[in-house]
Amino acid sequence: DNEAPTANITSTSSTHNTITVNVTGTDTHSGVLTYYYSINNGLYQPSNDSSYVFDNLSAGASYNIKAYVVDTAGNTSTETTTTANTKPQGSITISSSTAGSNSWYKALTLSISGLSDANITSLDYCITTSDTCTPNNQVLNASTTVTLTSNENAQKVCATLTNSNGTTSTLTCSNSYLVDTEGPSQTISVVSSTAGSNNWYKAISIKADGADTHSNVASMKYC
């Protein structure tokens, strides 16, 4: 076998800190023996697998990928190259809050931003009471804040971020939070009475009712 094999990078995929490269190596005689992979002109890494994962990479960055193959007879292919981008990484944290009782918040604002990536150009977010949602609010900025309104169910915010490379992050969701920014309502009414004279009552029973749409009434006080 005195003929060189061929190598082609057929696809790449990425997370915020990894890039997976898939290479097709072809040799009609002795067969492909070893695959070699390099990132950003670094040392070639040998592998017996046609797929290779580069890890511990920076989020939202562009990388130059190279590969070649060697057949069983020792013939070497030419290099095949491509450019691949890691995804941005999103973060959703509490920006400001006013704690209530029993795990409820009286006020809560969350902050959405990118981690380890200074090139965020836009972000999309959604608010849900489910496990996840499809972002439908776009902000043309690197960060934003979202204030949660009252709801009887726990809420979370999910977001994706897009950087200047046009690469979009995987969906990131916050923790779930119970928020009730509205005070309960109350009414006081006379249930029964026995009238006296001169605006006096001989007996009277007064009822106090409380109502709350979101977190419900926990206790009442009277004097």
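Modeller: Let us look closely at histidine 214, which is buried because its relative accessible area is 12%, where buried means under 20%, exposed over 50% and partly exposed in between, calculated with a 1.4 Å probe on protein chains only. Please keep in mind that this is a predicted model, in which local features need pLDDT of at least 70 and side-chain atom pairs count only at pLDDT 80 or more, while totals for chains, interfaces and linings use all residues. Residues are numbered from 1 along each chain as its sequence is written, and side-chain values use heavy atoms, with hydrogens and water left out.

If we leave aside the neighbours within four places in sequence, histidine 214 is in contact with Trp104, Ser150, Asn151, Glu152, Asp180 and Glu182, contact being heavy atoms within 4.5 Å. With glutamate 182 there is also a polar contact, side chain to side chain, at 3.4 Å. That term stands for a pair of N or O atoms within 3.5 Å, of which, within protein, one must be able to donate a hydrogen and the other to accept it, and residues adjacent in sequence count only if both atoms are side-chain atoms.

Elsewhere, four strands form an open antiparallel sheet in the order E11-E10-E13-E14, with strand E11 (137–139) and strand E14 (172–173) as its edges, each pairing on one side only. Two strands pair if DSSP finds at least two bridges between them, and strand E13 (residues 156–163) and E14 pair over two bridges.
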